[in-house]
Amino acid sequence: MKKSVFLVFLIVVFFASCGEKTPDFDIIILNGTIYDGSGAASFQADLGIKGDRIISIGDLKSNSSTQTIDANGLIVSPGFIDMHTHLEPILEMPLGESLVRQGVTLALGGPDGGSPWPFGPFLDSLDQIGLGVNVAYLVGHNTIRKEVMQLDDREPSAEELKLMESYIEQAMKEGAFGISTGLKYLPGTFSKVDEVISLSKIASQYDGIYTSHLREEGLGLLEAVQEAIMISREASIPVVLTHHKAIGVKMWGASSITLAMVDSARNLGLDIMMDQYPYAASHTGISVLIPSWAMEGGEFSNRVTNPSLRDSIKEGIIFNILNDRGGKDLKRIQFSRVEWDSTLEGKTLHDWLVREGEEPSIENGAEFVIQAQLNGGTGTIYHAMDERDVERIMQHPMTMIGSDGRLSQPGDGHPHPRAYGTFPRVLGYYVGEKKIITLADAIHKMTGLSAKRLGLDDRGIIKEGAIADITIFDADQIMDKSTFTDPHQYPTGIAFVLINGKIAVENGTYKAIPAGKVIRKGLKE
Ligand SMILES: [Zn+2]
């Protein structure tokens, strides 16, 4: 009896499913204004998506689908690619909400010379945790130098160099997109250019790129750009001058020179590009104000107890406040993350001195920088760029967008607003309000240009067969809301975000789904 009931049930199910026509698509996006990411002008069309791919572009109004998105009056763009992302907290924030809600569908981690290590096993572990956004990684020079030589201020022995080269090779085989350096930071700052060339040659053999946080971005910027160009030439490797900028009052305007250097290198056949975040303030540690020799070997706290060393350290800090990232004004130095005193977060170095009843002189400021470093350092925002440089760099055809933002969530520190606002800010402020670049160019700089740099031909572009990483936004509404004083604000105007064909933002509502994956260069996804 039971058996026959089950048989009838099966027959009913069989005929019911025969009667039901399978929809043509999983998702149809109707009536959108499409920018395909190539920089070309927009066109009106519908997109048909099946699984994780765009399979049809055209008039699909008579087709059927499981789900329909009406994009009437909205811009349909490839999902944004973040060329410089601090993914370090990804294990705590695997869904990457601060990225997805900006329309980012792929983020490149491992910048500034710092990457996970061991590389392959870390990527494998990310496969298991349910990512909300696609991620790709560079392998970091500082990371492997520290593995091999700790924080030593010297050149590597032949053996050590060989070991570092083998680490780069290993990471490239495990899917790294290239090598990153942070030649301003420890221990990268101790390396000579030959070492970087040797390691970049390995990355180049695997079609990797070299992204450089330059040795200097203030005084010394031009020499640092020259060094990066030389590395490109000697190692035959494409170079990205990451978060390109000119910092410190004395260097304002210098982007016209650096961009001319890039153009002339490109004219000689070298492949040099930039990425940039759309703010006139940078973010890094307080230690960037301290001369690097003072930090060598982790001996800073010992050196400052020696009075004569302390004097020259202080002199170096005063110099940097006056001429470099300090921007000549303690009010331009703002704390973002202070683990030893969270009440300082959002306050400036000037505020801190006043609070302690000290005269806010540059000299006293230098003393407090030493104190802050001894306490464990701080995340710090430096308001020390000129808006004209930001605009000029953005207008360059070889500049891509990279947030340099750290994965963030409300209640967690006081991040640079770029963590929440980079992509909407380019579109809302620099395209919509300031009209510095066109919408087609801006989208190209955050999609097609970046995908091409990474060697990805089925992302960053809307075409039949491409992966359905798609961001749909309202060009009149899109805007960043995160500010330096109130950073934990999500942007407006992002209507839909599709990642690998899954809807991660729907009608402006964030869905918190694990739609992302790890993308390994040259390896099957
Ligand atoms: Zn950097």
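1. Start at the end of helix 6. D207 follows this helix and has a positive phi, near 60°. The model is a predicted one.

2. Helix 6 itself covers residues 193–205, which makes 13 residues. From first C-alpha to last, helix 6 reaches 18 Å, close to the 18 Å expected at 1.5 Å a residue. Its buried residues are E195, V196, I197, L199, S200, I202, A203 and S204.

3. What packs over those buried positions? Among the elements that cover the buried residues of helix 6 are helix 4 (141–149), helix 5 (158–173) and helix 7 (221–235). Strand 11 (178–182) and strand 12 (209–213) are also included in that cover.

4. Helix 5 has 16 residues. Its first and last C-alpha are 23 Å apart, close to the 22 Å expected at 1.5 Å a residue. Just after helix 5, G175 takes a positive phi of about 110°.

5. Which residues of helix 5 are buried? They are M164, Y167, I168, A171 and M172. These residues lie on the same side of helix 5, because they cover an arc of only 135° around the axis. Exposed A158 and E159 are carried on the face of helix 5 turned away from its buried side.

6. The cover over the buried residues of helix 5 includes helix 3 (119–127), strand 10 (139–140) and helix 4. Strand 11 and helix 6 are also part of it.

7. Now the domains. The protein chain is divided into domain 1 (78–280 + 385–456 + 463–510) and domain 2 (284–382). Their C-alpha centres lie 27 Å apart. Domain 1 puts 18 residues into the contact, and domain 2 puts in 19 residues. On the side of domain 1 that touches domain 2, the classes are seven nonpolar, seven polar and four charged residues.

8. Where does the largest nonpolar core lie? This core has 143 residues, and V76, V135, I168, V369 and I472 touch the most other members. Helix 7 gives the most to the core, with seven residues. Domain 1 and domain 2 both give residues to the core, so it lies between them.

9. I168 is one of the buried residues of helix 5. V369 touches I286, L289, I290 and I317, leaving out residues up to four places away in sequence.

Conventions
Residues numbered from 1 in each chain as written. Predicted model: local features only at pLDDT ≥ 70, side-chain atom pairs only at ≥ 80, totals over all residues. Helix = DSSP H or I, 4+ residues; strand = E, 2+ residues; numbered from the N terminus. Expected span 1.5 Å × (residues − 1). Buried ≥ 20, exposed ≤ 12 C-beta atoms within 10 Å, placed from the backbone. Contact = placed C-beta atoms within 7 Å. Domains from an automatic or database assignment. Nonpolar A, V, L, I, M, F, W, Y, C, P; charged D, E, K, R; others polar. Arc of directions from axis to C-beta. Core = buried A, V, L, I, M, F, W, Y, C linked by C-beta atoms within 7 Å.
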